[in-house]
Structure formats: C-alpha cells, structure tokens
Amino acid sequence: YQDVPFGQCGAAERLRVSVAMAMAANPDLRVIRVTDASLLDDNNRAIIDEMAKEHDFQIWLEIVGAEEGVGVVIEDGMVKEFLGVHDVHKNWVETQVFKGGLTALPTLCATAAITSKILEQGVEGCLVECGVFKGSHPAVMQYICRFMGKRRLVYLFDSFEGIPKAGPNDCEGIAPLVGRVDGDQIEPSGVSICSLNEVSGYMRKWGADPTMLRFVKGWFHQTLPTTDIGPIALLRLDADLYESTKTCMTYLYPRVVDGGYVIVDDWRLDGVKKAVCDALGGEPQNYHEIPDGVGDSGQRPIFWKVKR
Ligand SMILES: C[S@@+](CC[C@H](N)C(=O)[O-])C[C@H]1O[C@@H](n2cnc3c(N)ncnc32)[C@H](O)[C@@H]1O
C-alpha cells in the first residue's frame with residue numbers, strides 16, 4: 001500500500017485500508033464492526049468517519065476505555081442496554097434524511113427516540129405515518145427497526161398527490177398556502193406533492209427494507225376504512241388539515257394499543273388541534289411538546305402515550 005508492503009504498514013493504516021476493502025467488497029452491507037479501534041488515532045478515526053458518511057455505512061468502533069458515552073452493554077452475548085444511542089441515531093438522521101424533508105431535525109429525532117422506546121418495551125403493533133411527503137419519518141422508523149434488529153411493518157398513508165384544499169374548519173395558518181375548497185369534495189391543492197415512485201426512491205436511498213414497508217396510496221377517507229393494518233404501536237399524523245386529521249383519528253386512533261404512542265406534528269394549526277380534540281372529546285391527557293427549535297410553546301408538535 002503506497003509502495004510499502006501491506007504487512008509493514010502501521011496498524012492504523014492497515015485498519016483503514018481494511019475498512020475500505022470491506023466496504024468495496026460488500027456493497028450491500030450497511031454496518032462494519034471494527035474490533036480493535038483503539039489502534040486508530042484521531043486522524044484515522046476522522047477519515048473512517050468520512051468514509052462511512054460517503055458510502056452510507058455505520059461503523060461500530062469497539063474501543064476499550066472507561067469513558068461514558070455512546071455504547072452497547074453486552075451480557076451473555078445479548079445486547080442488554082443502549083447507552084446514549086440517540087446520538088448515533090441523530091448522526092444518521094442528520095446526514096441521511098434531514099436534508100430532504102419538511103421536518104425539523106429534533107422532530108425526526110423524536111420519531112427515532114419514540115420508535116426505540118416502543119421496540120425496547122416490546123409494545124405490539126405496526127408503525128404508521130399519515131401524510132408522509134418524501135417519507136422522512138417512515139424512513140427513520142424503519143432505520144430504528146433495522147438498527148435494533150426488529151421486524152415491524154411501517155405504513156405510509158398518503159395521496160402521493162399533495163395536500164387537499166382547506167375546508168371550513170381550517171385556520172388562516174394553512175388556507176392561504178393551499179386555498180379553500182368550495183363544496184365538500186376533495187380538491188388537490190398542488191402543495192407538497194411527492195409521487196409514490198419518488199418516495200420509493202427515497203426509501204431505497206435511505207436503506208429501508210422494502211419488505212417491511214406498506215405504501216397505501218389514496219385520500220384517507222377512501223383508504224383508511226378499507227385497509228386492515230391490525231394493532232398500531234406508533235401513529236404519526238402530519239396531514240395539516242382538519243378533515244384529513246379527523247379521518248385518521250376516527251379510523252386509526254382506536255387501533256393504537258395500550259402503551260403505544262401518537263405524534264401530532266401540526267398541533268400548532270387550529271384545524272388539526274380541533275380534529276384531535278373532537279375525536280378524543282378534549283385535549284389528549286398528559287401530552288408533551290417536542291421542542292423542534294422552530295415554534296414557541298403551544299406551536300410545537302406533540303406526542304402522548306396511550307393508556308387504554
Ligand atoms: C406536510 S406534508 C407531510 C410532511 C412529512 N410528514 C414530512 O415530515 O416531511 C402533508 C402530507 O399529507 C398528505 N395528505 C394531506 N391530507 C391528505 C388526505 N386527506 N389524504 C391523503 N394524503 C393527505 C399530503 O399528500 C402530504 O404528503
């Protein structure tokens with residue numbers, strides 16, 4: 001390597017070259033574990049970090065040390081506990097998915113954290129987003145499943161034709177953007193359109209397992225009553241409008257299991273808030289705001305844990 005016999009290169013140099021060879025020889029792999037990463041100095045660690053980002057790999061460096069931080073506690077050959085693992089997720093979410101979507105980074109990280117919690121706690125059911133646009137949140141849900149070695153179906157409900165026009169219960173916060181409908185028929189507004197083909201492309205790009213994805217194309221009032229998806233562990237609503245949100249709450253909320261979670265992205269929009277409250281007969285109990293770094297309190301996405 002670089003005119004030096006490979007066996008005579010420094011240990012860190014050999015490790016770096018080996019990682020590059022492992023990536024090139026196994027393009028379908030997404031994770032490489034390096035057992036003696038303590039040999040790497042900061043410079044080589046930074047180079048490997050760059051290689052991982054460029055080739056969309058995760059590199060798990062096994063470093064012997066007493067420092068606290070990201071880590072996996074392994075006992076009797078089983079993963080017992082993840083420490084600070086959200087930093088790992090944050091890095092993946094930020095470098096892979098964040099760039100293309102509509103959502104703030106902390107909101108994507110909240111989806112990662114809640115999905116991890118569901119999987120850790122063994123809450124039964126599938127993972128659902130209604131209103132996916134490019135599919136950032138379903139991609140994060142599926143990434144966490146892969147990361148934790150769990151098989152859960154991820155449902156993507158969307159028209160894949162954009163948001164409809166606003167109705168009488170929608171506020172001025174959204175109506176100027178999408179226009180208002182005259183009668184009670186759905187009319188596409190032309191806003192936030194991402195076709196099913198494009199979303200499938202994003203999911204491939206972000207490494208989602210296609211066998212665990214279920215795309216359900218159509219207007220919610222047509223698809224939700226006829227799609228049998230079984231129990232739901234995570235229901236994420238991000239459809240901007242009263243009617244869209246109310247339909248999701250009517251058909252899907254009853255399927256969310258005890259201990260499952262609901263996330264409402266557009267809590268700041270009066271129409272969405274009204275739809276949730278109309279469906280529940282009041283505000284959800286014990287909801288938490290997701291500090292998204294954008295809105296003030298009351299203007300942020302929320303989530304709550306469902307108690308049956
Ligand atoms: C704001 S975008 C979703 C953003 C996405 N969750 C993200 O984080 O990037 C709203 C989505 O809801 C979908 N949508 C809204 N109302 C709908 C309805 N009634 N039926 C089907 N899709 C709907 C739109 O097609 C659009 O993709």
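Two strands pair if DSSP finds at least two bridges between them. Strands (E, at least two residues) and helices (H or I, at least four) are DSSP runs, numbered from the N terminus. The model is predicted: local features need pLDDT of at least 70, side-chain atom pairs count only at pLDDT 80 or more, and totals for chains, interfaces and linings use all residues. Residues are numbered from 1 along each chain as its sequence is written, and side-chain values use heavy atoms, with hydrogens and water left out.

Strand E10 spans residues 232–237.

E10 pairs with strand E5 (residues 126–130). The two are parallel and share five bridges. Cys-126 has Ile-232 of E10 as its bridge partner. Strand E11 (residues 256–264) also runs parallel to E10, joined by five bridges. Here Leu-234 is partnered by Tyr-261 of E11. With helix H9 (residues 242–252), E10 and E11 form a right-handed β-α-β unit. Right-handed means that, with the strands pointing away from the viewer, the path from the first strand over the helix to the second runs clockwise.

The second largest pocket holds about 670 Å³ of space. Its lining comprises 38 residues. Leu-102, Asp-238, Asp-240, Asp-265 and Asp-266 lie nearest the centre of this pocket. Helix H5 (136–148) and strand E7 (163–164) are the elements that give two or more residues to the lining. By class, the lining residues are 16 nonpolar, 13 polar and nine charged.

Notes: Buried < 20%, exposed > 50% of the residue type's maximum accessible area, 1.4 Å probe, protein only. 1 Å grid on protein atoms, 1.4 Å probe; cavity = no way out; pocket = protein on both sides within 12 Å on 5 of 7 lines; lining within 4 Å. Points joined across faces, edges and corners; volume = space filled by probe spheres on them. Nonpolar A, V, L, I, M, F, W, Y, C, P; charged D, E, K, R; others polar.
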